Amino acid sequence: MPSKTTERAPAERPGRGPHRRGPFARGPFGRGPLTLRARRARTAYLFLAPALLFFAVFYYVPIADVVHTSLHTGPRADEFDGLGNYVDAFDDPAARNSFVVTLLFTVGTTVGAIVLGLGLALLVNRPLRGRALFRLALLVPYLTSVAVVGLLWRNILDPQLGILNRMLREFDLPTQQWLNTAPLTTLVVITLWQISGYTMILFLAGLQGIPEVYYEAAYLDGAGSRQRFWRITLPLLAPTTLFVAVMAVISGLQAFGQAYIITNGGPADSTDLYVFHLFNVAFRSRDFGYSSALSVLLLIVIMVFTALQMRAGRRREVRY
Amino acid sequence: MSRTGSPHTPHDGSRAPAPPSRRRVLALAGGAAATLPLGGCGAGAPEVRGGGGGGGAGTVSVYWNAGHDYAAYRAAVAAFEKEHGVTVRMQKYQWPDMRTRILTDFASGNVPDLVEEPGGWTQEFALSGDVLSLQDRLDADGARMGYPDDWQPAAVRHNEHRGETYGIQLHQTCSLLLYNKAMFRRARVAPPTTWEEVVRVGRRLTTGDVFGIALNQDQSYAWPWLLQNGVRLYDPESRALLAPRAAAVEALRFQADLVHEHEVSAVPTPGTDYSGPQKLLSAERTAMILSGPWDLEPIRKSSPDLELGVAQVPRRRRRSTVLAGTSVFIPAKARHPDLAWDLVKRLTTLRTETAVTEKEGMLMPRRSWTSQPVVRDDPVTKAFAEGLTYAEDPYRGAYLTGRYGELSVDLFRNLYQGVVMQRRPVEEAYDEYVSAGRKLIRG
């Protein structure tokens with residue numbers, strides 16, 4: 001949208017041309033009035049400053065500190081150890097186990113979040129009675145904290161005193177040891193129960209952004225509902241799918257509460273999620289250096305996964 | 001930020017200051033907002049006002065277990081506050097949260113003045129130099145407070161490191177057999193006294209969805225059986241881990257068999273706490289559990305009509321059970337160590353101990369406590385007091401490896417849960433544990 005300032009801009013740019021010195025350039029000898037571009041840049045930086053300060057203090061400085069700590073060992077992480085912690089990480093069966101467990105968890109929650117979220121979005125995108133209530137009900141678990149969800153499901157799944165087995169008993173069905181026989185799958189299902197409402201909302205927004213005219217054109221060309229889904233809906237939802245996939249992978253790799261609240265990593269480390277594992281390395285084994293190295297490795301893995309996903313997603317982007 | 005010039009005011013001061021623009025006001029407001037979270041960083045950190053060291057006005061910061069906020073301790077703290085003119089700030093935590101907190105405090109150097117710990121931390125943190133040695137203070141005050149003569153020897157040993165005392169035992173507990181008297185009466189059986197009887201009695205008591213015994217998902221509850229078979233976590237002299245092997249394998253297999261072979265116990269469910277068996281006993285879904293006095297109050301509260309019995313643990317090669325309990329220590333960098341020491345003395349008097357037992361049923365480490373009427377006249381407390389005479393610390397010796405956490409929790413949980421919950425072959429799981437443990441100790 002053109003503004004008054006923009007219209008006057010060419011007349012207020014004495015710093016352009018051979019004397020241009022970047023966004024903060026002033027007049028000759030740096031003493032003249034600021035150019036419009038420089039004023040804009042300065043305003044932008046001033047507005048960005050609080051956020052940058054916040055990120056620096058709460059993200060970048062701690063990340064730098066974690067990298068620094070990862071090069072040290074001992075209870076206080078004060079003995080320089082070079083890359084020793086990183087070497088140990090690749091040789092540690094417990095770290096490997098937790099990484100594999102976390103990958104499986106991430107695959108399960110990511111695929112599940114996309115399939116369930118899209119399915120639910122398609123369902124609530126139709127004209128249904130009480131649609132708003134249905135959407136709200138599906139979103140409520142996402143608004144609940146992991147701690148509450150964890151405690152809730154622990155009580156539901158308790159093999160002796162839980163509601164689920166009690167119901168099975170009522171119907172003369174065999175009871176199940178949910179957290180013993182398939183603990184990781186159970187955690188995936190609980191996580192999907194919690195996050196599917198959120199992914200549904202994202203897909204719903206994506207669905208409502210697809211112009212109706214494409215469907216009408218396809219319909220006139222004789223495309224059936226299945227063809228319309230595969231040829232129009234799914235390709236045009238690619239940006240949403242990419243976003244959901246990236247966010248689900250990141251949150252899957254960073255999952256902690258499920259193991260911390262529900263299973264404590266058990267039975268026998270079968271749900272020892274990576275972040276839960278590195279938390280225990282730090283606060284149970286008091287090995288902050290090694291724990292920091294595990295954190296840095298996770299950061300790298302997340303960055304690589306995200307970059308790969310973004311690249312793959314961009315290649316498949318479709319425009320009509 | 002030293003620069004104060006606005007976009008309208010060059011920093012050479014050649015112009016008169018212009019009133020702040022809307023943009024600048026917004027930018028400053030944004031900056032101020034960003035500093036708010038920084039101000040919150042110190043929230044909850046140990047706070048000290050006024051004089052430090054030995055006394056004067058100020059705040060004495062104490063980390064305490066959330067379940068041990070007893071009236072007798074509150075009374076002792078109130079008297080302490082009145083006499084010294086200080087405020088005691090009792091910050092209550094569950095053990096895992098307290099550990100996270102205290103380790104963070106050690107790293108920052110901003111520590112509380114006194115910490116209650118669940119057993120093992122005193123030696124572990126003494127090893128890393130984070131705990132104050134109490135030896136000088138005990139040399140001065142020990143005789144008056146009856147230390148060490150009036151404390152159970154195990155309680156004294158439990159808080160020693162390289163010949164010096166670093167902590168004082170606050171509670172001393174042990175695990176015994178808690179059982180539902182009515183269920184035993186109906187099945188016409190008596191509490192088991194041997195492992196064979198555990199199986200036999202368990203079978204008599206198991207009917208439908210009620211089990212004779214309930215094993216705990218928490219690995220530490222495996223130790224009574226291991227101790228009864230003469231197993232120790234670590235022997236510093238021979239450097240043997242979980243030895244003797246045959247006895248350890250047999251004790252682990254016995255527990256797995258209770259679940260899978262004899263089917264007298266439900267499969268324990270993985271989780272974050274150790275209250276599963278207590279809930280089953282309260283709900284009359286199991287007839288007996290191995291547990292300590294910490295489960296008495298929840299059982300009485302949730303099932304006031306339940307006829308609760310307490311029996312000594314079964315024997316195998318010998319009678320033994322887990323010695324547990326809490327200690328208090330003063331961090332090396334505490335700002336008020338002398339005040340903290342005075343508070344320790346008040347919290348561990350025989351009078352306070354007796355009052356806590358009377359109101360809460362908690363067990364205590366003083367020898368003279370065992371002869372108090374409150375112990376002698378209560379059958380439950382008396383039974384636990386008897387248990388204390390043969391209870392043992394299974395981790396003794398392991399604290400000094402510097403790998404106590406991994407050996408007793410992480411790796412051992414893997415072994416116990418693998419065998420009891422997932423039916424892993426015992427020998428294979430055992431060998432894996434020992435191999436990983438040895439590697440850890442070697443560093």
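This passage describes the two chains of a predicted model, their contact and selected local features.

Chain A comprises 320 residues, of which 32% are buried. Its secondary structure consists of 15 helices and 2 strands. Among the contacts in chain A with a separation of 6 or more, 64% are accounted for by residues 24 or more positions apart. In chain B, which has 443 residues, buried residues make up 45%. Here the secondary structure comes to 18 helices and 16 strands. Of the contacts in chain B between residues at least 6 apart in sequence, 73% join residues at least 24 apart.

Helix 15 of chain A contains 28 residues and spans 41 Å from its first C-alpha to its last, a value close to the 40 Å expected at 1.5 Å a residue. The buried residues of this helix are Phe288(A), Gly289(A), Tyr290(A), Ser291(A), Ser292(A), Ala293(A), Leu294(A) and Ser295(A). The elements that cover these buried residues include helix 2 (36–69), strand 1 (72–73), helix 3 (84–90), helix 4 (93–124) and helix 14 (274–283) of chain A.

Helix 15 (residues 288–315) of chain A also packs with helix 12 (residues 238–253) of chain A: the two axes come within 10 Å and cross at roughly 170°. Because angles over 145 degrees count as roughly antiparallel, helix 12 of chain A is roughly antiparallel to helix 15 of chain A. On the side of helix 12 of chain A, the contact is formed by Ala238(A), Leu242(A), Ala245(A), Val246(A), Val249(A), Ile250(A) and Leu253(A). These residues meet Leu298(A), Val301(A), Ile302(A), Phe305(A), Thr306(A), Gln309(A), Met310(A) and Gly313(A) of helix 15 of chain A. By class, this contact between helix 12 and helix 15 of chain A has 12 nonpolar and 3 polar residues, with no charged residues.

The contact between the chains takes 35 residues from chain A and 35 residues from chain B. On the side of chain A that touches chain B, at least two residues each are supplied by helix 2, helix 8 (178–181), helix 13 (257–263) and helix 14 of chain A. Helix 2 of chain A provides the largest share of this side, with 10 residues. The side of chain A that touches chain B is made up, by class, of 17 nonpolar, 9 polar and 9 charged residues.

Helix 3 (residues 95–108) of chain B has 14 residues and reaches 20 Å from its first C-alpha to its last, close to the 20 Å expected at 1.5 Å a residue. Its buried residues are Met98(B), Ile102(B), Leu103(B), Asp105(B) and Phe106(B). These cover an arc of only 160° around the axis and therefore lie on the same side of helix 3 of chain B. Their cover draws on both chains, including helix 14 of chain A together with strand 1 (59–65), strand 2 (87–93) and strand 3 (114–117) of chain B. Helix 3 of chain B is followed by Gly109(B), which has a positive phi near 85°.

Elsewhere in chain B, Thr194(B) lies in the loop between helix 7 (181–187) and helix 8 (195–205) of chain B. Thr194(B) counts as partly exposed because it has 13 C-beta neighbours inside 10 Å. Residues up to four places away in sequence aside, Thr194(B) touches Pro314(B) and Arg315(B). Thr194(B) and Arg315(B) are 121 residues apart along the chain, yet their C-alpha atoms are separated by 4.8 Å.

Methods: Residues are numbered from 1 along each chain as its sequence is written. Chains are lettered from A and ligands numbered from 1 in the order in which they are written. This is a predicted model: local features need pLDDT of at least 70, side-chain atom pairs count only at pLDDT 80 or more; totals for chains, interfaces and linings use all residues. Axes are lines fitted to C-alpha atoms, for helices over the stretch in contact, and angles run from 0 to 180 degrees between N-to-C directions. Helices (H or I, at least four residues) and strands (E, at least two) are DSSP runs, numbered from the N terminus. Angles under 35 degrees count as roughly parallel, over 145 as roughly antiparallel, 65 to 115 as roughly perpendicular and the rest as oblique. Two residues are in contact if their C-beta atoms, placed from the backbone, lie within 7 Å. Ala, Val, Leu, Ile, Met, Phe, Trp, Tyr, Cys and Pro count as nonpolar, Asp, Glu, Lys and Arg as charged, and the others, Gly among them, as polar. A residue is buried if 20 or more other C-beta atoms lie within 10 Å of its own, exposed if 12 or fewer, and partly exposed in between; C-beta atoms are placed from the backbone. The expected span of a helix is 1.5 Å times one less than its number of residues. The arc is that of the directions from the helix axis to the C-beta atoms.
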